[in-house]
Amino acid sequence: MPNTFGCEVRKYKFRDLTIEELKNVSKTYPNFTFSMNTYTFKDGSQKDLLNFSGTVPVKYGKPKSTLIGLIKEMIAKFEEELPLYSLSSSDADRQSELLSYIAKITEGGTDMKSRSKTGRNEGCFNKITVVGAGDLGIACVLAVAAKDVADKVVLLDPSEGTAKGGTMDLEIFAVPNVEISKDFSASADSKVVVLTVNSLGNAQTYLDVIQSNVDLFRGIIPAVSHYSQNAVLLVASHPVEVMTFVSWKLSSFPKSRVIGVGTNLDSERFQYMLTNLLKAEVLAKDAWVIGEQGEDKVPSWTSCNIVADQTEAMAARNSREKVANRAMEILKGKGQRSWSVGLSVADLADSILKDKRKVHSVSTLAKGCCNINSEVFLSLPCILGTSGVIEMVRLEEDPLVQEKLQSSAGSIHDLQQQLKL
C-alpha cells in the first residue's frame with residue numbers, strides 16, 4: 001500500500017542517535033529518499049529541515065493495517081518511553097479541529113487553496129502568554145484583554161496546588177480569549193511571553209531572594225523558549241534588571257528579544273507630569289527616566305532643545321533641570337501597583353505585536369553604552385517592534401547621567417557575579 005510521509009526534523013538534542021535512526025530507516029526501506037527542504041512555521045518563520053519520503057509496504061489481508069492499529073502501536077511505544085513534553089487537556093480544541101479537517105478531506109470538502117488561506121490566517125495570530133498567576137500576572141492579563149492587544153492570552157500558572165482566587169474568578173466570569181493552564185505546551189507559538197513570577201520562599205537575605213527567583217526561572221525559561229522560539233520575552237519579575245539578564249542567559253535568545261519592563265511606567269508618568277501638571281510639553285517629548293528601577297533611576301533627554309547662545313543655553317538647562325526635579329519629586333510619591341504595571345506591560349506588548357516602532361524606556365543590554373563594559377541590563381530609550389528592540393535611541397551627553405548609569409551597572413554586575421545560573 002503506497003503512502004507518502006514527510007518528516008520535519010528540528011535541531012535534535014541527540015544528533016548522533018537521530019543519524020543512527022535515519023540510517024536504520026534507509027537500510028530497512030531503501031526506497032525512501034532524503035532531502036533538505038524549507039519549512040514555514042505558523043508564525044511565518046522559515047527553517048531548512050530534513051525531509052524524507054517514500055512508500056511504506058503494508059500487507060493486505062491479515063493482519064490488517066489501520067489508523068487505529070497505528071495509534072495502538074504509538075500508545076504502546078509511549079508507555080515504554082514517555083515523550084519529552086506532554087499535551088495538555090487544553091489542546092482538545094486543536095485535536096477536534098484536526099479531526100474536522102480530516103473529515104473534510106475524506107469528503108472532498110477542501111482543497112489546496114483553502115488550506116493555503118488557513119495557513120496565512122494562523123501566521124497573523126497574535127498570542128501572548130503571561131507566566132505567573134499572582135496579582136501582577138492577573139493584572140497583565142486583564143490589561144492586555146482590556147486594550148485588545150492580542151487575539152489570545154494564556155495565563156500560565158506553574159505553581160503547585162489548586163486554582164487561586166484570581167484564576168478561579170477569571171474562569172468563573174469567562175474573560176474572552178483568555179485560557180488558564182498549568183501546562184507549558186499551552187504557551188506554544190506565543191509572540192510575546194510576559195514573566196511575572198517571583199519566589200515566595202523563606203530566603204533570609206536579598207541575595208537569597210534573587211537566587212530563589214533564578215532557581216524558579218531555571219524551570220520556566222527553557223520550557224517557554226522551547227515552545228515559542230521566536231517570541232519576545234518581556235520580564236516584569238523583580239529585580240527586573242537582574243531577572244532580564246537571567247532570562248537572556250537561560251533562553252539563549254538574541255539580546256533584542258529579551259527586554260524588561262524597566263522604567264517604562266516611570267517614563268510615561270514623567271512625560272505626563274511635564275505636559276499636564278508642569279505645562280512643559282516641549283520638554284516632555286524628549287524626556288525619559290532611565291537606568292535602574294527604584295531609587296537610582298535618573299531623568300535624561302534624547303535630544304537637546306537648548307539655544308545656541310552659551311548664556312541662554314545655561315539658563316535653559318537650569319530651568320529644565322528645575323522642572324525635571326519637580327516632576328521626579330512627584331514621581332517618588334507614586335507607587336507601582338500591580339494594575340499600573342499591568343497597563344505598562346500591555347502598552348509594551350501593543351508596540352511589539354503591532355510593530356509600532358514606538359520609543360519606550362525598557363531594560364536592555366547596556367554593554368557598550370555610556371562606557372559600560374559589563375553584561376548588564378539597564379533602562380534606556382529603545383524603538384520596539386515585532387522583533388523586540390530595533391534600535392537604541394541616542395541620549396544627550398550628560399556626565400552626571402553617565403556616572404549614575406555606570407554606578408548602577410557596577411552594582412548590578414557585582415550582584416550577578418554572586419548568582420548561580
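In the residue classes used here, Ala, Val, Leu, Ile, Met, Phe, Trp, Tyr, Cys and Pro count as nonpolar, Asp, Glu, Lys and Arg as charged, and the others, Gly among them, as polar. With that in hand, let's look inside this predicted model.

Two cavities of 30 Å³ or more are counted, and the largest cavity holds about 40 Å³ of space. Which residues line the largest cavity? They are Val261, Gly262, Leu265, Gln293, Gln336, Val341 and Ser344. By class, this lining has three nonpolar and four polar residues, with no charged ones.

## The second largest pocket

Turning to open space, the second largest pocket has a volume of about 890 Å³. Its lining is made up of 37 residues, and Lys297, Val298, Pro299, Met328 and Lys404 are those nearest its centre.

Several elements contribute: β10 (298-301), α12 (310-332), α13 (338-353) and α14 each supply at least two lining residues. Helix α12 gives the most, with ten residues. Sorted by class, the lining of this pocket has 14 charged, twelve polar and eleven nonpolar residues.

## Where α9 meets α14

Helix α14 (residues 399-417) also packs with another helix: its axis and that of α9 (residues 240-251) come within 10 Å and cross at roughly 55°. The two helices are therefore oblique to each other, and their crossing is right-handed.

Which residues make the contact? From α9 come Glu241, Val242 and Phe245, which meet Ile412, Leu415 and Gln416 in α14. By class, the contact of α9 with α14 has four nonpolar residues, one polar and one charged.

Technical notes: Residues numbered from 1 in each chain as written. Predicted model: local features only at pLDDT ≥ 70, side-chain atom pairs only at ≥ 80, totals over all residues. Heavy atoms only, no water. 1 Å grid on protein atoms, 1.4 Å probe; cavity = no way out; pocket = protein on both sides within 12 Å on 5 of 7 lines; lining within 4 Å. Points joined across faces, edges and corners; volume = space filled by probe spheres on them. Axes fitted to C-alpha atoms, helices over the stretch in contact; angles between N-to-C directions. Helix = DSSP H or I, 4+ residues; strand = E, 2+ residues; numbered from the N terminus. Parallel < 35°, antiparallel > 145°, perpendicular 65-115°, else oblique. Left-handed = near helix turned anticlockwise from the far one by under 90°. Contact = heavy atoms within 4.5 Å.
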